[in-house]
Amino acid sequence: MAASAGPEIERLIGLLAKLPGLGPRSARRAALALLKRRDQLLNPLADALSEAAARVKTCQVCGSLDTQDPCAICADSQRDASLICVVEEVGALWAMERAGAFRGRYHVLGGLLSALDGVGPDAIRVGPLVNRAADPAVREVILALPATVDGQTTAHYLADRLTNADVSVTMLARGVPVGGELDWLDDGTIAQAMRARRPA
């Protein structure tokens, strides 16, 4: 970092560099942009961060983030309480909501099982999911987890844990994306699409 920057600027750059997708160089550019546009960017951002820190909380039901607890989705009586969609993090929940294809409830695990990283079942929200699935009103648990080794390991573990609950456990379909061309897809995606084929 530049030796001419004061400690306040160095601290700002250091904190920005901790954000996903921002390295030291990007953090310096972002800090400079914020400082150059203090009234339009820096001050409103500082206010928004302060307000979010004070008001945003974790939903005790599903694990999402909101200014109310339970969150707006859990409190919405129009949502289908018989469906629970399990996601890794809140960002995946937001992606599902943007798609507008799901009108049930969610469960945010807060991570994935990973033997390499030492993340076991107690480190993610497995127990609360099992408890929620035991509710007679729940008929299906949809595992919307990443198609990675950790994601699939977590999905198999959850399916095993939910065998005693009287629910159907399903996973999102995987395969050829809408608008995708076979020449551009990797072998694993094509193989999965072939296994998950359905009647035309």
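**A sheet and some helices**

Mentor: Let's start with a helix: α5, residues 90-99, lies across β3 and β4 and runs at about 160° to β4. Keep in mind that this is a predicted model.

Trainee: Okay, and what order do the strands of the open sheet come in?

Mentor: The order is β4-β3-β5-β6, four strands with parallel pairing.

Trainee: Which strands stand at the edges?

Mentor: β4 (104-108) and β6 (168-171) do. Each has a single partner strand, so one side of each is left without a neighbour in the sheet. From one strand to the next, the twist averages 25°.

Trainee: Back to β3 and β4 then. How many bridges do they pair over?

Mentor: Five bridges, in the parallel sense, with β3 covering residues 80-87.

Trainee: And what stands opposite Val 86?

Mentor: That's His 107, in β4.

Trainee: New topic: at what angle do α1 and α2 pack?

Mentor: About 125°, with their axes 8 Å apart; α1 is residues 7-16 and α2 is residues 24-36. That angle makes α1 oblique to α2.

Trainee: Is the crossing left-handed or right-handed?

Mentor: Right-handed, as α1 passes α2.

Trainee: Which residues make the contact?

Mentor: On α1, they are Ile 9, Leu 12, Ile 13 and Leu 16. From α2 come Pro 24, Ala 27, Arg 28, Ala 30, Ala 31, Leu 34 and Leu 35.

Trainee: How many residues in the contact of α1 with α2 are nonpolar, polar or charged?

Mentor: Ten are nonpolar, one is charged and there are no polar ones.

How values were computed. Residues are numbered from 1 along each chain as its sequence is written. This is a predicted model: local features need pLDDT of at least 70, side-chain atom pairs count only at pLDDT 80 or more; totals for chains, interfaces and linings use all residues. Side-chain values use heavy atoms; hydrogens and water are left out. Two strands pair if DSSP finds at least two bridges between them. Helices (H or I, at least four residues) and strands (E, at least two) are DSSP runs, numbered from the N terminus. Axes are lines fitted to C-alpha atoms, for helices over the stretch in contact, and angles run from 0 to 180 degrees between N-to-C directions. Contact means heavy atoms within 4.5 Å. Angles under 35 degrees count as roughly parallel, over 145 as roughly antiparallel, 65 to 115 as roughly perpendicular and the rest as oblique. A crossing is left-handed if the near helix is turned anticlockwise from the far one by less than a right angle, and right-handed if clockwise. Ala, Val, Leu, Ile, Met, Phe, Trp, Tyr, Cys and Pro count as nonpolar, Asp, Glu, Lys and Arg as charged, and the others, Gly among them, as polar.
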